[in-house]
Amino acid sequence: MAEGFFSDICLLSYLKELRKNEFWKFKELLKQEPKQSDLRPIPWPELKKASKDDVAKLLCRHYPGTQAWEVALRLFLQVSRRDLWAKARDEIKNKINPYKSNMRKKFSDIWQNETCLAVPESFYAESTKAEYERLSQAFAADKAGEHSVTVALVGAEGTGKTTLLRKVMLQWAEGNLWKGRFTFVFFLNCWEMNNIDKTSLVEFLSRDWPEPSEPIHDTFSQPEKILFIIDGLEDLKVDAGLDGDLCSDWEQPLPVHVVLRSLLQRTLLPKASLLVSLSGEWLRKFCHLLHHPVYIYLLGFSGHLKWLYFSRFFQDTDQAAQAFSVVRGYKPLFSLCRYPLVCWLVCECLEKQLQRCQPLGINSQTITCIYSSFLTSVFQPEHTGWASGHCHSRLKCLCALAAEGTWVARDELQFNFQKLFSCVFETQDPGFATQVMSMFPDIHVYISRPDDLMTYACCLQYALNLQTLHLSLENVFSEDCTGLLNNDQKLSYWRALCCVFTNSRDFQMLDLDSCVLSEASQAILWKALAQPTCKLQKLVYNFASNVGESADFFKALVHNPHLTYLNLHGTNLSSEEVAQLSEALRHPMCSIQQLMLGKCDITDEACEDIALLLVSSRKLKLVSLMENPVMDSGALLLSEALKHPDCVLESLLLTYCCLTSDACDYIAQALVRSTTLSLLDLGSNFLEDSGVKLLCEALRQPSCNLQQLWLVGCYLTPVCCEDLSTVLISNEKLKTLKLGENKIQDAGVKQLCGALKHPNCKLENLGLELCELTTACCEDLASALTVCKSLRGLNLEWNSLDHDGMVVLCEALGHQDCALQLLGLDKDAFEVETQHLLKAVEERNPQLTICSTPWNRDELMLKGVIV
């Protein structure tokens, strides 16, 4: 095909499309070309009178192979026929693709030597026919319009995802799949990427790029013709799924997980297509990164395919039927045979038993038992030709190697609890399970299949030192979710799993994330948490469902004396459910001190029950109602409760609660009367300067005990700073003032700095991030830093402060009278010269730390975000 394309006949077809004047110019340029390219010239007399047919023959005779086309392509551009250049270039790419040839050889070798197929290839083609059809349709050019497509190949471990992706790569390289759709398909093996610290996308792909071909960068000129196959995300040592940096430059060397994340989130080559393999918890973890993925599920062998496999494995029909009958008669083993490799192992073991005329049977409690049966049958003298002692020695060495691999895996940047639990369960050794599970005080569990309940329940009973359990449960108890376990068995294992809450010596926190529970499973959970031996202190139930339908939930809140923290973030609570919750928390036996109800759809009507709770509970210290439509009318109800002498609340978070300056009037009255409230967060509400003026009137009163006031994003201007300055001078109790994301500007900072320099000012923390500050305010800040003895923390992030301003600030930071300990600035956001300046100040002043988002962690924890 290659030789035919580079013939003079093919070249002539392009020359025929040149107009008369273009053809003459082409010959004139061809005469000059040798001088610029160090090529042997074509005699001008011969070239001058040559026809298009003659020119094609002269080019191919003087410049054999690809040289003639390289010359022709350059000249097509020079005679302004870019259309011919593009057409010929695409045709060359499609017909002559050395990369494709390389991939054909590479994946042919992999398929022959490395793929653990364990089935005849003809049977494999038959068993994956449906998946191939779906893959072909998903990326079909006529359906996709050659736009980017993302396909997620989903299946449990062992169902053959990697095998299928390798075969897909080989099929493309051989020209049997996606003809005309993808010019280039790149296979990214995440296991191989673990050995690389930093790389660019181009650098990584260049490893398979043939040398004597066009530069790899040229392939990116048509990204819609590129497919990336990404296999083994669960094997990546560094988590690619966490939020973090992204890049759009394919030549920029970055950590491999950043490159992968950028591909997944389409900041790198957004028009390219993706084919990603995912399984179990990794599907849940990465699916939110994928843009409108098409899901293709790899379910393993069906019952019919299992029989077909047995019938092909055993040459004798009677033996096949006999072996299949044994497997089908034991449901767990029959289910495990959906995995191709397990099916092969079982057949191998049974075949050897038939050969020895032994009774047919296999130890199939776990997959490990099946592997053990296989290995012990293989390491026999009659099969290996070794002496009995030698067989035993070799088997022992193999086991030692496996153990070493297990401990090496335990020591990696990222831990896979799903794999750990599977391994521990497979051993069926209580002593070993206790030794391993007791090593982990903090465990993450994701259960998406009912059958996994058995594994996790059996393992968690040995986690005697468990302190924190992060549990996510999806579709396990739904009626249409089938598996090996019936409903009674599922509830039995769920009950066994919940025993960990009472068995663990120091169990402190249960984090339930998006758990979908049935009425029966909820009752089991809440009854376990209400047991006298349960020492649970923190219960986090984000995005809960139907909590109000279970009376046992409210009983658990009342009867567990250790439970002091309740977080229901993201749970839509009706007014009736808020009333039920309020009633439970008002019970004298309830010990809840911190109540997080962020984003729970709590309205001003429901605030009446919250207010009643504030007045009645003598233990409640912190309440978060952030991201709820509390409104000004709800704030009025809460303020009346805060004024009550029986209210002991210390912290109230009302971020994003649809408040206006009217609410500040009610809250100001409460600030004067409350004897306990020390922290108030009113961030992201439309308070304006007029609202702050009302708050400041209260803050100036001697009876006001507030220590922290958060006013981030409240539509403030420099006008409010005059009132705030009078508060800083007159109120020695106020320690923290956060004004970030407001238009405070240089004028406002000037007033605040004047107050900071007053001897009566006792402020310790001031937040001014994203406040439209410029270098002009640095003199005022520097002066305040050297005079104010109380200020310990100052956040100046995301302001337009240049190097000159930093010089002024750094001079003050290095002054002996500067008491500042924490400065919020992103050093990496500055030029190199400024970075050196800031680092030098830190070295000279050991008590000073300069970092990004200085209070972020503490704020998130206070708001109920698990960090």
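Two strands are taken to pair if DSSP finds at least two bridges between them, and by this criterion β2 and β4 pair in the parallel sense over six bridges. Helices (H or I, at least four residues) and strands (E, at least two) are DSSP runs, numbered from the N terminus. The structure is a predicted model in which local features need pLDDT of at least 70 and side-chain atom pairs count only at pLDDT 80 or more, whereas totals for chains, interfaces and linings use all residues. Residues are numbered from 1 along each chain as its sequence is written, and side-chain values use heavy atoms, with hydrogens and water left out.

The secondary structure of the protein comprises 41 helices and 22 strands. Along the principal axes, the C-alpha atoms fill a box of roughly 100 × 85 × 50 Å. Of the 867 residues, 50% count as buried, where buried means under 20% relative accessible area, exposed over 50%, and partly exposed in between (1.4 Å probe, protein chains only).

The pairing of β2 with β4 belongs to an open sheet of five strands, in which the order is β2-β4-β6-β1-β7 and the pairing is parallel. The edge strands, each pairing on one side only, are β2 and β7 (294-297). From one strand to the next, the twist averages 20°. In general, the strands of a sheet pair through backbone hydrogen bonds, in either a parallel or an antiparallel sense.

Within this sheet, Val185 has Leu227 of β4 as its bridge partner. Strand β4 is in turn joined to β6 by four bridges, the two strands running parallel, and Ile230 has Val276 of β6 as its bridge partner. Strand β4 is mostly covered, six of its six residues being buried. Ile226, Phe228 and Ile230 point one way from β4, while Leu227, Ile229 and Asp231 point the other way, and all are buried. Strand β1 (residues 150-154) runs parallel to β7 and is joined to that strand by four bridges. Val154 stands opposite Tyr297 in β7.

Two helices were examined for their packing against these strands. Helix α10 (residues 129-138) lies across β1, β6 (273-278) and β7, and runs at about 170° to β7. Helix α12 (residues 161-173) packs on the sheet and touches β1, β2, β4 (226-231) and β6, its direction making about 155° with that of β2. For these angles, axes are lines fitted to C-alpha atoms, for helices over the stretch in contact, and values run from 0 to 180 degrees between N-to-C directions. Contact means heavy atoms within 4.5 Å.

The largest cavity has a volume of about 70 Å³. A cavity is a set of points, on a 1 Å grid over the protein atoms alone, where a 1.4 Å probe fits but cannot get out, and lining residues have an atom within 4 Å of a point. Grid points are joined across faces, edges and corners, and the volume is the space filled by probe spheres set on the points. The lining of the largest cavity consists of Tyr99, Phe186, Phe187, Phe204, Leu205, Arg207 and Asp208. At least two residues of this lining come from each of β2 (184-189) and α14 (201-205). By class, the lining has five nonpolar, no polar and two charged residues.

Most residues other than glycine have a negative phi. Phe543, however, has a positive phi near 50° and lies in the loop between β11 (538-542) and α30 (551-559). Phe543 is partly exposed, with a relative accessible area of 43%. Leu770, which is not a glycine either, has a positive phi of about 55° and is placed in the loop between β19 (765-767) and α38 (778-787). Leu770 is partly exposed, with a relative accessible area of 43%.

His62, in helix α5 (residues 52-62), is buried, with a relative accessible area of 11%. When residues up to four places away in sequence are not counted, His62 touches Arg40, Pro41, Ile42 and Pro43. Leu308, in helix α17 (residues 303-313), counts as buried at 17% relative accessibility. Apart from neighbours within four places in sequence, Leu308 is in contact with Phe123 and Glu126. The C-alpha atoms of Leu308 and Ala140 are separated by 31 Å, the two residues being 168 apart along the chain.

Note on methods. 1 Å grid on protein atoms, 1.4 Å probe; cavity = no way out; pocket = protein on both sides within 12 Å on 5 of 7 lines; lining within 4 Å. Nonpolar A, V, L, I, M, F, W, Y, C, P; charged D, E, K, R; others polar.
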